[in-house]
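I am opening my notebook for a first look at a new protein model. Come along and keep the picture beside you as we read.

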Amino acid sequence: MKDSGLIRSMDELGRVVIPIELREKFGIKKKDSIEIFVAGSNIILRKFEPNCIFCGKSKELIEFKDKLVCKKCLLKIKANQNFKK
């Protein structure tokens, strides 16, 4: 993992400010959602981007039964409906 050289303190409510340089670099804007992961002893922050529930792609998403599905997977779902038993 690359060291950025930036250090920030946590406030009394557990908040940490992400420096503007990093927000700009990763396209994080005001009100964007951030995903939080744990990998071993590391806490990882990542800009949240909705993904297809089947393949994980984040482009050309369509809402299908309250879930996000990409066009390619949706076409596969439609094609498989012909094979109902």
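**Entry 1: the order of the elements.** I read along the sequence and found that the protein chain follows the pattern α-β-β-β-β-α. That makes 2 helices and 4 strands in the protein chain. Here helices (H or I, at least four residues) and strands (E, at least two) are DSSP runs, numbered from the N terminus.

**Entry 2: ground rules.** I note that this is a predicted model, where local features need pLDDT of at least 70, side-chain atom pairs count only at pLDDT 80 or more, and totals for chains, interfaces and linings use all residues. Residues are numbered from 1 along each chain as its sequence is written, and side-chain values use heavy atoms, with hydrogens and water left out.

**Entry 3: overall form.** I looked up the span of the C-alpha trace, and along the principal axes of the protein chain it is about 60 × 30 × 25 Å. The radius of gyration of the protein chain is 19 Å, while a compact globule of 85 residues would have one near 12 Å. This radius is taken over C-alpha atoms, and the globule rule is 2.2 Å times the number of residues to the power 0.38.

Entry 4: How many of the 85 residues count as buried? I find 8% of them in that class. Buried means under 20% relative accessible area, exposed over 50%, and partly exposed in between (1.4 Å probe, protein chains only). The accessible surface of the protein chain comes to about 8000 Å², and 55% of it belongs to carbon and sulfur atoms. Such areas come from the Shrake-Rupley method with a 1.4 Å probe; for residues, only the protein chains shown count as cover.

I also checked contacts, meaning heavy atoms within 4.5 Å. Among the contacts in the protein chain with a separation of 6 or more, 3% are between residues 24 or more positions apart.

**Entry 5: the core.** Which residues make up the largest nonpolar core? I list 5 residues in all: C52, V69, C70, C73 and L74. Both β4 and α2 (71-80) supply at least two residues of this core. A nonpolar core is a set of buried Ala, Val, Leu, Ile, Met, Phe, Trp, Tyr and Cys residues joined through side-chain atoms within 4.5 Å.

I then zoomed in on L74, which is found in helix α2. L74 counts as buried, at 10% relative accessibility. Leaving out residues up to four places away in sequence, L74 touches I62, F64 and V69. L74 and C52 are 22 residues apart along the chain, and their C-alpha atoms are separated by 9.7 Å. With neighbours within four places in sequence set aside, C73 is in contact with C52, F54 and C55.

**Entry 6: loop residues.** I visited G56 in the loop between β2 and β3. G56 counts as partly exposed, at 39% relative accessibility. From G56 to C70 it is 14 residues in sequence and 8.5 Å in space, C-alpha to C-alpha.

Where does E60 lie? I found E60 in the loop between β2 (42-47) and β3 (61-64). E60 has a positive phi of about 55°, although it is not a glycine. E60 is exposed, with a relative accessible area of 55%.

D66 is in the loop between β3 and β4 (67-70). Its phi is near 65°, a positive value in a residue other than glycine. Is D66 buried or exposed? At 69% relative accessibility, D66 counts as exposed.
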